[in-house]
Amino acid sequence: MERRRAGLGELDFAYGVVHHKDHCRQLIASNGFTTVCEIGGGRSPLFGRDEALAMGLDYTILDISDTELRAAPDHVKKIQADIGARDLDNSGRYDFMFSRMLAEHVRDATAMHRNVLRMLRPGGLAFHYFPTLYTPAFVANRLLPEGAARRVLFFIFPWRRHDHLAKFPARYAKCFGPTRRMKRYFERLGYRVEEYRPFYGTDYLVKIPLLGFIDSLFTRLVARRRSPRFTSYVWLVLRKPAIVASGGAQGRT
Ligand SMILES: C[S@@+](CC[C@H](N)C(=O)[O-])C[C@H]1O[C@@H](n2cnc3c(N)ncnc32)[C@H](O)[C@@H]1O
């Protein structure tokens with residue numbers, strides 16, 4: 001937590017790592033939600049069996065990978081689907097849909113956010129926690145060919161060779177910080193943007209001499225300016241309005 005000592009506090013990427021789960025828990029509790037769907041929960045749903053029970057959750061995982069779903073515990077219902085598929089589901093059955101490190105893997109981000117809007121009941125909430133461009137480490141990840149990006153990752157974090165999470169290619173479609181353009185994008189889809197919280201820095205370059213130092217200077221600079229363009233991760237909380245303006249939510253981009 002080097003950068004926390006450097007004074008980034010709640011803007012530090014580590015804050016998001018430590019607190020995103022509590023944030024979801026608090027959104028669920030304060031809104032009285034019970035029917036929840038975790039997108040891309042894979043084999044490791046955010047809430048364990050006892051937690052889901054204590055919160056009274058009707059808990060579904062939607063994931064594209066059959067392998068991941070088979071490895072998932074049985075306290076969750078399982079749906080195998082691509083959240084970025086066109087017109088996936090318009091059931092409006094979930095109070096709360098959330099994702100963690102999923103959005104960057106989805107090819108068609110607009111289809112994903114439209115699907116989530118349709119799957120939420122009016123008044124429901126979506127929470128997405130994901131890495132963003134243009135922090136340098138993720139720009140490099142986006143630009144490098146898949147194999148090279150993986151080799152760099154394994155060079156920096158050798159233990160991730162055995163990590164099943166390392167195998168999903170990152171595309172970063174609509175994975176940006178809280179610029180005005182991005183807020184308008186979500187509003188045009190029909191959401192109300194309730195929170196779009198930026199974090200800065202990553203731990204990818206920390207151990208590389210010179211590069212790590214330059215990266216930490218850059219991180220401090222952009223964090224001090226609260227730059228919406230050079231965030232490294234964000235939390236996004238989107239509300240489906242209880243009454244959808246005619247022609248708004250379901251129709252246009
Ligand atoms: C990097 S893992 C994150 C897993 C878990 N959320 C976590 O943070 O530990 C990405 C997950 O998203 C799933 N995934 C990737 N693309 C998807 C898509 N288009 N639709 C649904 N799930 C997807 C993968 O199968 C995988 O389980």
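Modeller: A residue is called buried if 20 or more other C-beta atoms lie within 10 Å of its own, exposed if 12 or fewer do, and partly exposed in between, with the C-beta atoms placed from the backbone. This is a predicted model, in which local features need pLDDT of at least 70 and side-chain atom pairs count only at pLDDT 80 or more, while totals for chains, interfaces and linings use all residues. Residues are numbered from 1 along each chain as its sequence is written.

Biologist: OK, so why is A52 partly exposed?
Modeller: A52 falls in between because 18 other C-beta atoms lie within 10 Å.

Biologist: Which helix is A52 in, and what is A52 in contact with?
Modeller: A52 belongs to helix α3, residues 49–55, where helices are DSSP runs of H or I with at least four residues and strands are runs of E with at least two, numbered from the N terminus. Leaving aside neighbours within four places in sequence, A52 is in contact with F47, L57, Y59 and H75, contact being C-beta atoms, placed from the backbone, within 7 Å.

Biologist: And the sheet, how many strands form it?
Modeller: There are 7 strands in an open sheet with mixed pairing, in the order β3-β2-β1-β4-β5-β7-β6, and two strands pair if DSSP finds at least two bridges between them. The edge strands, each pairing on one side only, are β3 (77–80) and β6 (192–199).

Biologist: In which sense do β6 and β7 pair, parallel or antiparallel?
Modeller: β6 and β7 are antiparallel over 7 bridges, and Y196 stands opposite L236 in β7. β1 and β2, by contrast, run parallel and are joined by 5 bridges, with I39 opposite L62 in β2.

Biologist: Is β1 mostly covered or open?
Modeller: β1 is mostly covered, as 4 of its 5 residues are buried.

Biologist: Which residues touch the most other members in the largest nonpolar core?
Modeller: In that core of 51 residues, they are V36, F96, M97, A126 and F127; a nonpolar core is a set of buried Ala, Val, Leu, Ile, Met, Phe, Trp, Tyr and Cys residues joined through C-beta atoms within 7 Å. The elements giving two or more residues to this core include β1 (35–39), β4 (94–100) and α9 (211–224). Not counting residues up to four places away in sequence, F96 touches L27, I28, F33, V36, G124 and L125.

How values were computed. Two residues are in contact if their C-beta atoms, placed from the backbone, lie within 7 Å.
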